[in-house]
Amino acid sequence: MTDISRYFDWAATSPQDKQLLTEALNETLENWGNPSSSHKAGKEAKDLLEKARVSCAATLGVKPESVFFTSGGTESDQIALLSVLTKPVKGTVLISTIEHPAIREQAQMLVKCGWKVVPLKANKLGIITPETVADALTEHEDTHLVCIMAVNNETGIIQPVKEIADIIAEKTKGKRRPKLHIDCVQAAGKIPFDISYPGIDSAAFSAHKICGPRGIGILYLKDAQESFLRGGGQEKGIRSGTENVFGALAFSKVLEKHFIKESNKEAFEHYSLMKNKMTDLIEKLSELKGCSIVPEGRTNPENSGLFSPYVLQAAFKNIPGQVMLRALDAKGFCISTGSACSNKKASRPVLEAMQVPADIRETAVRFSFGPLTRTEDIDALFEAVKEINNTFNGNK
């Protein structure tokens, strides 16, 4: 069994909260009916499902009717993205160049369906600036949807979502406003944020990133929309298929426990602790010979607030990413070289989009943390990395 204290790949998945998942499982074992059935067993399961929906909505600060349960972050992203196919006239979709494959790859299918997909270029910090979005909207007045990732899964950069929402409203005042979809999979449990902000039309979440089970996600929809995918009509027709009551209930429990806001004292305190610890870790890594923080601008204290303290990308000269991964694995530490969904591909599209040099991309690895990560665990990770780095690069 993997030692959680040596697990630093939380951006890929997280250890599950046995207590909360057991509570959810026991409740659903007692209420095992199909929520769409009209008899007593169905109504009991439906009540449990709606209990989960109300809880999730309360945690997120939105209305229960705006919360839809899906199979995960990928499906939540794709329901929002594919909704443009219900439009009578084809147009343009704007997506950032640092999106997760759930958006990036699916967008290519829109191209095959006759839509135009325009990339929003990230700067060297990995930020999609409001000005970039404004320029794209000026050039493409037929834009129907804008997709932005709240927190990048490889670098931890936080996008200026509120400012982007504001610029979209400003640029399209008096005209049809394109929808704004936010991928919040790496934001939940990693930064404080508010999806009820005006101008945010939809958002995607995934339970397994915050100690919940795999196979359950949330799609937040501010307003009703038509789904391209059809079926039995569950979830008001947005996501057909027999509802995953256990997953929904488990998600509601872990979301309530780990969602970062000041009123959630334990989660907020850990977030504050991690901000300080990340500053310390970056300083110590920067002192290692041949180590580069990615992006380089993250070492500037003025930019620390632009990144989630739960994700860090670093490169080590003369040590290919896979070599560092295997060396740490041999010592019992789990890290990654990027998105788990892309780990079989040699390219690093997110880092390429940020204009990171090829030699840095090839030696870059990702350290990602979670609510169970302790400061002493990070210290142990650093010592292991330092030992491996010194083997290849010597002492500074």
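A salt bridge here is a side-chain nitrogen of Lys or Arg within 4 Å of a carboxyl oxygen of Asp or Glu. The views below come from a predicted model, in which local features need pLDDT of at least 70, side-chain atom pairs count only at pLDDT 80 or more, and totals for chains, interfaces and linings use all residues. Residues are numbered from 1 along each chain as its sequence is written, and side-chain values use heavy atoms, with hydrogens and water left out.

**View 1. Asp201 and Arg177 form a salt bridge.** Their closest N and O atoms are 2.8 Å apart. Asp201 sits in the loop between strands S5 (179-183) and S6 (202-206), and Arg177 in the loop between helix H6 (161-171) and S5, so the pair links parts 24 residues apart in sequence. Helices (H or I, at least four residues) and strands (E, at least two) are DSSP runs, numbered from the N terminus. Asp201 is buried at 4% relative accessible area, while Arg177, at 30%, is partly exposed. Buried means under 20% relative accessible area, exposed over 50%, and partly exposed in between (1.4 Å probe, protein chains only).

**View 2. Glu75 pairs with Arg239 in a salt bridge.** Here the closest N and O atoms are 3.0 Å apart. Glu75 belongs to helix H3 (residues 73-82) and Arg239 to the loop between strand S7 (217-221) and helix H7 (245-258), so this contact ties together parts 164 residues apart in sequence. Both Glu75 and Arg239 are buried.

**View 3. Lys46 meets Glu50 within helix H2 (residues 40-60).** The salt bridge spans 3.5 Å, N to O, and its partners are four residues apart, about one turn of the helix. Lys46 is partly exposed at 32%, as is Glu50 at 27%.
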